[in-house]
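Colleague: I am new to this structure and would like to learn how to read its features one at a time. Could you take me through them?

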Amino acid sequence: AEGRQSPMAGAASPPLMAKRSNSYEHLEFPTWQSRLLMTSSLNFVLASAYAAHLGQTTLSLFLIVAGVNSLNYWRSPGASWRRDADLTAAIGGLLYCLYAGFWLADAHCLVAFASLLSGLFCFRRSWNLSLGHNEVWAFWHAGAHALSGMAAVTLALGDVADKGTALTPPHNLVAECSVAAILITLVADLLRPEVPSEVPSKGR
């Protein structure tokens, strides 16, 4: 009938479902966030230079690739090939560091894996905060860069390139427990039901 309002008129928009990908496509990036994360990305470049200085060539190469791609992404963040390259380089660097870490011992092993796990916790926390459009996510992400750089420097100090040529890593309880914790967290996150993320209302 004429004049009758549609039942859907004025109804609140359904909440968006939280994405599991790490693309940050749902965000708008203020200049300060881009600059902060470009600066923190230099941790990888500096760690790469230090690893090269100590003769850790493979580690240095992984770090410089991760650093350059991180810098390239954060100079103009958003959905693009730069994000894909950044994510691929970061995952490749992480996998190498986890693998090389099996050859570490004593304090080097403890510091490296504590830094890696703390960095991954910061990345995860950053992602969860970003889903709620909480600007603090950028500080957690920068902290993750710093902790990852610390882990890389510790790997270089532990001379991971000189631990032998065997492809099969040695038994290392700290490394094994760390990898298990990462896998359990990853599986738990993948199995967790998607939750609605709040969409900021316009005009507020």
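This is a predicted model: local features need pLDDT of at least 70, side-chain atom pairs count only at pLDDT 80 or more; totals for chains, interfaces and linings use all residues.

Colleague: At what angle do helix H3 and helix H4 pack, and how far apart are their axes?

Modeller: Helix H3, which covers residues 81-100, packs against helix H4, residues 106-131, at an angle of about 150°, and the two axes lie 11 Å apart. Because angles over 145 degrees count as roughly antiparallel, H3 is roughly antiparallel to H4. The crossing in which H3 passes H4 is left-handed.

Colleague: Which residues of H3 and H4 meet, and of what class are they?

Modeller: From H3 come Leu94, Cys97 and Leu98, and these meet Phe113, Leu116 and Leu120 of H4. Sorted by class, this contact has six nonpolar residues, with no polar and no charged ones.

Colleague: Let us go on to charged side chains; how many salt bridges does the structure hold?

Modeller: There are two salt bridges in the structure. In one of them, the side chains of Arg83 and Asp86 meet with an N to O distance of 2.9 Å. Both residues belong to helix H3, where they stand three residues apart, or about one turn of the helix.

Colleague: Are Arg83 and Asp86 buried or exposed?

Modeller: Arg83 is buried, and Asp86 is buried as well.

Colleague: Which side chains form a salt bridge at 2.8 Å, and where in the chain do they lie?

Modeller: That salt bridge joins the side chains of Arg124 and Asp189, at 2.8 Å from N to O. With Arg124 in helix H4 and Asp189 in helix H6, 65 residues apart, the pair links distant parts of the chain. Arg124 has a relative accessible area of 33%, so this residue counts as partly exposed.

Colleague: Finally, the backbone: what is phi of His133, and where is this residue found?

Modeller: Phi of His133 is near 55°, which is a positive value in a residue other than glycine. His133 is found in the loop between H4 and helix H5, the latter spanning 137-157. With a relative accessible area of 32%, His133 is partly exposed.

Colleague: And what can be said of phi in Asp159, and of the place of that residue?

Modeller: For Asp159, phi is near 55°, again a positive value in a residue other than glycine. Asp159 has its place in the loop between H5 and helix H6, which runs over 173-191. Asp159 is partly exposed, its relative accessible area being 33%.

How values were computed. Residues are numbered from 1 along each chain as its sequence is written. Side-chain values use heavy atoms; hydrogens and water are left out. Axes are lines fitted to C-alpha atoms, for helices over the stretch in contact, and angles run from 0 to 180 degrees between N-to-C directions. Helices (H or I, at least four residues) and strands (E, at least two) are DSSP runs, numbered from the N terminus. Angles under 35 degrees count as roughly parallel, over 145 as roughly antiparallel, 65 to 115 as roughly perpendicular and the rest as oblique. A crossing is left-handed if the near helix is turned anticlockwise from the far one by less than a right angle, and right-handed if clockwise. Contact means heavy atoms within 4.5 Å. Ala, Val, Leu, Ile, Met, Phe, Trp, Tyr, Cys and Pro count as nonpolar, Asp, Glu, Lys and Arg as charged, and the others, Gly among them, as polar. Buried means under 20% relative accessible area, exposed over 50%, partly exposed in between (1.4 Å probe, protein chains only). A salt bridge is a side-chain nitrogen of Lys or Arg within 4 Å of a carboxyl oxygen of Asp or Glu.
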